[in-house]
Amino acid sequence: MDARAHLFNGATVEDYRRSLTAGIDRVAARIAGTERPFTGITPDRLAPEISAVDLDRPLGDPAEALAELEDVYLRDAVYFHHPRYLAHLNCPVVIPALLGEAVLTAVNSSLDTWDQSAGGTLIERRLIDWTAERIGLGPDADGVFTSGGSQSNFQAMLLAREEACDRASADSPVPIAKQDILPRLRIIASEAGHFSVQKSAKMLGLGPDAVITVGTDRHRRMNPAALAREIDRCRREDLRVMAVVGTAGTTDFGSIDPLPQIADLCADAGLWLHVDAAYGCGLLASRTRRDLLDGIERAHSVTVDYHKSFFQPVSSSALLVRDGAALRHATYYADYLNPARMAKRRIPNQVDKSVQTTRRFDALKLWLTLRVMGADAIGALFDEVVDRATEAYDLLAEDPRFEVVTRSQLSTVVFRWLPPAGPLRALADEANLHAREALAASGEAVVAGTKVDGHHYLKFTLLNPETTLDDIAHVLDLLAEHAGRYVNDRTAAPELCRAAG
């Protein structure tokens, strides 16, 4: 076939229709027939199949390529839509967003400059304004879509660093070089916050001790008194706090830091407050729980991940800032792309505020979701999974086989199976690790794991409204069965029997 026949244009629209229809039919059949969230495939088993594919010998026929894809991808994919996928912050997706995905990839707009995107630029800007209004950031707010929460947090720390350096220079009675300021910069975050804060500090050229983590209360929320002590210590030691990072939805515990108290402390000390609401941003659409985000409107910057709690396909995230002028720190004018004269003419080039250049029109997915479903429907779905987490916590709290950590404000539940009291308790960590791996290998369900106070725990992350309490109870039985079998097998070993006395 002539290579040009594969290009998508006016002459090939029928081939486009046939190929996409065949692909959609295959995915739809797979989704409809999926009985487990995972096959349990291991890297050692799947890697040889993919390595055997000769990429220098094309199949030529889309039908053959799709059939091959069934074996190397679709058969063993992890399916987040299944009600017993309970592991990470991956949500099932809504159909209007999938429609948006199909449209945006076909048109292939790049959101860096107006002359590559036109209406796409204005749609993204309107969604940024809508989100800023929901947060309550005020009339000067602005922002930009990003690839995810880590990128949003990185850009927020970049802006905070530059603002801190500008203030340090302004406060100094003598000229001061930036390289002399950087070693003194500090970020204060919760010990339950996201690792991307530490990663961002490293990428921004800050020292390994630049991130100060403060303790949490029994609900795993940042302790304001501990934060106040660290702010005061930094002041006494002539260190400059460039940002305080609060979290509205920690990855492990779904906890929301006391944002009003944190905002008070930041306001009193004149500090940049960033709120990582990558997980908790779904509350912006909730009609019953929006008050859990009270205080977020006082932040200087906010991270939101629509692909976590707005039921959007990856990727769909954004960084919002209270003062749009702060985005200037990500601006660079290139003569071939976005010369400075365009800014003077108010040409809306999104690259002026983004750390990315070429960028997908991911905003279209959220736009169609809002235009078809509406924000209330998104909020209702998120409320359902939060309700389910409450039910799961109650179920675990009443089950003597398990220990549960804390009641989440969102939709995670952290717990562990406990062996019978006595010497066998020493096997708790191993038993829970084994139970998680054995469950995944069976493919019947997928759960996450984490560490709490040095011990291994299991974690449900509930983001699927189709997950029922019966699903959760069944998974708990499976986990207890795998863990119990592991302990029984270990105690049958003579050396362990002797160790147990």
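Me: Why is Phe 311 called buried?
Reply: Buried means under 20% relative accessible area, with a 1.4 Å probe and protein chains only. Phe 311 has 2% relative accessibility, so it counts as buried. This is a predicted model, where local features need pLDDT of at least 70, side-chain atom pairs count only at pLDDT 80 or more, and totals for chains, interfaces and linings use all residues. Residues are numbered from 1 along each chain as its sequence is written, and side-chain values use heavy atoms, leaving out hydrogens and water.

Me: What makes the phi of Phe 311 worth a look?
Reply: Most residues other than glycine have a negative phi. Phe 311 is not a glycine, yet its phi is positive, about 60 degrees.

Me: Is Asp 453 buried or exposed, and how do you know?
Reply: Exposed means over 50%, with partly exposed in between. Asp 453 has a relative accessible area of 64%, so it is exposed. Its phi is also positive, about 50 degrees.

Me: Why are α15 and α17 called oblique to each other?
Reply: Good one! Angles under 35 degrees count as roughly parallel, over 145 as roughly antiparallel, 65 to 115 as roughly perpendicular and the rest as oblique. The axes of α15 (residues 375-397) and α17 (residues 469-491) cross at roughly 40 degrees, and the two helices are therefore oblique.

Me: How do you know that the length of α15 agrees with its number of residues?
Reply: The expected span is 1.5 Å times one less than the number of residues. For the 23 residues of α15 that should be 33 Å, and its end C-alpha atoms are 33 Å apart, so the two agree.

Note on methods
Axes are lines fitted to C-alpha atoms, for helices over the stretch in contact, and angles run from 0 to 180 degrees between N-to-C directions. Helices (H or I, at least four residues) and strands (E, at least two) are DSSP runs, numbered from the N terminus.
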